[in-house]
Amino acid sequence: MARRRETNIFSLSLLDCICCGFGALILFHMIVASRSGRLQRTNAEVLQAEVDKRQQEVLEGQQRLVEVRNSFREIEDKRAEAQGLSTRILATLRQIQEELAIYDARTVATREHVNQLKADLKSLEEGAKRLSGGTKSQEVPGRNVRAVIGDGDRQNLSGLKVGGSRILFLVDASASMLAEDIVNAVRRSLFPPETRLRAHKWRQAVKAVDWLTAQLPRESQYQLYVFDTRARPALAGTDGVWLAVKDVPTLDKAVATLRETAPAGGTSLYNAFAAAKAMNPPPDNIILLTDGLPTQGARATGRKTVSGRERLRLFDDALDELPRGVPVNTVLFPMEGDPMAMSAFWKLAMASRGSLMTPSSAWP
């Protein structure tokens, strides 16, 4: 009997099926991998474009951030500057308030002294009237070197001594000549020149010089200086030169130049008297038109406020530059907050054998 043939599971047909199956799987895997690669490349390109866009936005944002930071720094700098300025202004205001408090405290103490000085002035005026017999001025208008046109009684300043061979006018052209109180003077000093020229107090000073120069002796010489923190002749190029009174066109030009000078800056009486001392030959009559004690010395200090005691010291320092033996005739214009000015200039008038007068605020 024949032996049964054994069945072999690893026959050729089974191997063929297995190989075909593996081949199909490999083919399927290759098809799927190929499609997946295309999709990944597409997605990568989209994502890269998105990344580039975001990077551009980041760069633009960084640029804007730099601009914002720069603007912020500028704002911070301006804020710091404004803060410092406000601090200085507040400090200045506090110092002004302290000065005003000192002036107020001194006003009560000096009021009696000022009243006494006024009484002395009145007594001297009455004595002068008695000595002159109470007669009116016999001046002949035609003898004046210049004609002064205006309304009203122009003899308000006739008590000043305008005689002499060499008469020097020193006219205060500082900012305080813009008003009769400190606050308005500071405020008006910020106005343009054409507005400052219209200040009533300054027009008073110019008209006073206009009238006084018309009373100069015809054969005498004169010089007209203006001063603030420095002293200079009204006519440029005439520094230290005496001018002839009989040269009326030049005199008219000097007064006209003064009329076009806008007050500004501080007051240095030291430099004004130093200019008088530098004149050669020296003056034999000084006519000073001012409104109070100086606020500056030989050099500008840059300080916003000066105490009353310091102003008296600056006045005393200026007297050292005054030519010896020359009378000083002062026209003192009204100024609030400077109570010691009247006493100081009165003493100067007594020491120099000059005179002192204060025109009314309504003059002329």
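# Notebook: helices, contacts and backbone of a predicted model

**Entry 1. Helix α8.** I began with α8, whose 13 residues reach 18 Å from the first C-alpha to the last, close to the 18 Å expected at 1.5 Å a residue. The expected span is 1.5 Å times one less than the number of residues in the helix. Helices here are DSSP runs of H or I with at least four residues, strands are runs of E with at least two, and both are numbered from the N terminus.

I noted that this is a predicted model, in which local features need pLDDT of at least 70 and side-chain atom pairs count only at pLDDT 80 or more, while totals for chains, interfaces and linings use all residues. Residues are numbered from 1 along each chain as its sequence is written, and side-chain values use heavy atoms, with hydrogens and water left out.

I then looked up which residues of α8 are buried. The list is A341, M342, S343, A344, F345, W346, L348, A349 and S352. Buried means under 20% relative accessible area, exposed means over 50%, and partly exposed lies in between (1.4 Å probe, protein chains only).

**Entry 2. The residue after α8.** I followed the chain past the end of the helix. Just after α8, R353 takes a positive phi of about 60 degrees, and R353 is not a glycine. Most residues other than glycine have a negative phi. R353 belongs to the loop between α8 (340-352) and β7 (355-357). Is R353 buried or exposed? I found R353 exposed, with a relative accessible area of 71%.

**Entry 3. A cis peptide bond.** I also checked the peptide bonds. The bond from N280 to P281 is cis, with omega near 0 degrees. Most peptide bonds are trans. P281 sits in the loop between α6 (269-278) and β5 (285-290).

**Entry 4. Helix α7.** I repeated the length check on α7. Its 12 residues should span 16 Å at 1.5 Å a residue, and its end C-alpha atoms are 17 Å apart, which agrees. Which residues of α7 are buried? They are G308, R311, L314, F315 and A318. These residues cover an arc of only 115 degrees around the axis, which puts them on the same side of α7. The arc is taken from the directions from the helix axis to the C-beta atoms.

D317 is also in α7, but at 30% relative accessibility D317 counts as partly exposed. I recorded that D317 and G297 are 20 residues apart in sequence and 7.7 Å apart in space, C-alpha to C-alpha.

**Entry 5. An aromatic pair.** I searched for paired rings. Rings of Phe, Tyr and Trp (its six-membered ring) pair if their centres lie within 6.5 Å; planes under 30 degrees apart count as stacked, over 60 as edge-to-face and the rest as tilted. The count by this rule is 1 aromatic pair. The rings of F315 and F345 have centres 5.1 Å apart and planes at 70 degrees, so the pair is edge-to-face. F315 lies in α7 (residues 308-319) and F345 in α8, so the pair ties together parts that are 30 residues apart in sequence. I found both F315 and F345 buried.

**Entry 6. Salt bridges.** Side chains of opposite charge can pair when their charged atoms come close. I counted a salt bridge where a side-chain nitrogen of Lys or Arg lies within 4 Å of a carboxyl oxygen of Asp or Glu. How many salt bridges does the structure hold? It holds 8 salt bridges.

- D338 and R311 meet in a salt bridge at 3.4 Å, N to O. D338 lies in the loop between β6 (328-332) and α8 and R311 in α7, so this pair ties together parts that are 27 residues apart in sequence. D338 is buried at 9% relative accessibility, and R311 is buried at 12%.
- R232 forms a salt bridge with D228, with the closest N and O atoms 3.2 Å apart. Both R232 and D228 are buried.
- E76 and R79 meet at 3.0 Å, N to O. Both lie in α1, 3 residues apart, about one turn of the helix. E76 is partly exposed at 26%, and R79 is partly exposed at 45%.
- E50, R54 and E57 are linked in a network of salt bridges.
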